[in-house]
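This report goes through a protein chain feature by feature. Keep the sequence and the 3D view open while reading.

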Amino acid sequence: MGSNPTSSAMSTEYETAMRVALDHAEQAARAGDVPVGAVVLRNGEIIAARHNEREVLNDPTAHAEVLALRDAAQVLGTWHLTDCTLVVTLEPCVMCAGALINARIHTLVFGAVDLKGGATSSLYNVCSDPRLNHNPVVVHGVLQEESAELLKNFFEPKRAGN
């Protein structure tokens, strides 16, 4: 199912990045989109940060992860993101898991699990499929409560019919 950060320095780096991702997720919620934020780290520095923009762009592929990976590739001038970490507030879906594998992301860090669509530990486990040519390290549960709360606060009124 993945691993948890072992060093406190790495844990702090992931938490700091996750807080930025959470800020981006809040921007998505304000725009009426599912509150998911993602950042790409390289050498501990954020090189890209995005949030879901499906509603704004009318684009089903405009997930935070895909947008952040695209931006990171532009910043680095290569789609090979082998020395990068993707930090995202919600467990990636199948599309996003495929994108991060194809980008050769070294490490995936996520907050809340997605029991209905998660593809990196809960519903599917694409990132550890030995048949694929790349298997990133997966770290789960970083600021999980904050990430889950943001999603709960977004969906509760919708489920109540508001």
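## Terms and basis

A residue is called buried when its relative accessible area is under 20%, exposed when over 50%, and partly exposed in between, using a 1.4 Å probe and protein chains only. By this rule Asp129 is buried, with a relative accessible area of 18%.

The structure is a predicted model, in which local features need pLDDT of at least 70 and side-chain atom pairs count only at pLDDT 80 or more, while totals for chains, interfaces and linings use all residues. Residues are numbered from 1 along each chain as its sequence is written, and side-chain values use heavy atoms, with hydrogens and water left out.

## Salt bridges

Side chains of opposite charge can pair when their charged atoms come close. A salt bridge here is a side-chain nitrogen of Lys or Arg within 4 Å of a carboxyl oxygen of Asp or Glu. The whole structure has six salt bridges. In one of them Asp129 pairs with Arg131, with 2.6 Å between the closest N and O atoms. Asp129 is buried at 18%, whereas Arg131 is exposed, at 73% relative accessible area.

Asp71 and Arg50 form another salt bridge, with an N to O distance of 2.8 Å. This pair links distant parts of the chain, 21 residues apart: Asp71 is in helix 3 (residues 64–76) and Arg50 is in strand 2 (residues 45–51). Helices (H or I, at least four residues) and strands (E, at least two) are DSSP runs, numbered from the N terminus. Asp71 is partly exposed, with a relative accessible area of 26%, and Arg50 is buried, with 19%. Lys152 and Glu156 also form a salt bridge, their closest N and O atoms being 3.9 Å apart. Both residues lie in helix 5 (residues 144–159), four residues apart, which is about one turn of the helix. Lys152 is partly exposed at 41% relative accessibility, and Glu156 is partly exposed at 43%. Elsewhere, salt bridges with shared partners join Arg50, Glu53 and Asp71 into one network.

## Strands 1 and 2

Strand 1 (residues 37–42) and strand 2 run antiparallel and are joined by six bridges; two strands pair if DSSP finds at least two bridges between them. Ala38 has Arg50 of strand 2 as its bridge partner. The hairpin of these strands has two residues between them, and Asn43 there takes a positive phi near 55°.

Ala49 also lies in strand 2 and is partly exposed, at 22% relative accessible area. Which residues does Ala49 contact, leaving aside its neighbours within four places in sequence? They are Val20, His24, Ala38 and Val39, where contact means heavy atoms within 4.5 Å. Ala49 and Ala68 are 19 residues apart along the chain, and their C-alpha atoms are separated by 5.5 Å.

## Nonpolar cores

A nonpolar core is a set of buried Ala, Val, Leu, Ile, Met, Phe, Trp, Tyr and Cys residues joined through side-chain atoms within 4.5 Å. The largest has 25 residues, of which Val40, Leu69, Leu81, Leu86, Leu100, Ile105 and Leu108 touch the most other members. Strand 1, helix 3, strand 3 (84–90), helix 4, strand 4 (107–112) and helix 5 each give two or more residues to this core. Apart from this core lies another, of 14 residues, including Tyr14, Ala17, Val109 and Val139.

Ile101 is in helix 4 and is buried, at 5% relative accessibility. Not counting residues up to four places away in sequence, Ile101 touches Val126, Cys127, Leu132, Asn133, His134 and Pro136.

## Loops with positive phi

Most residues other than glycine have a negative phi. Asn58 has a positive phi, near 50°. This residue sits in the loop between helix 2 (54–57) and helix 3 and is exposed, with a relative accessible area of 70%. Arg104 has a positive phi near 65° and is found in the loop between helix 4 and strand 4.
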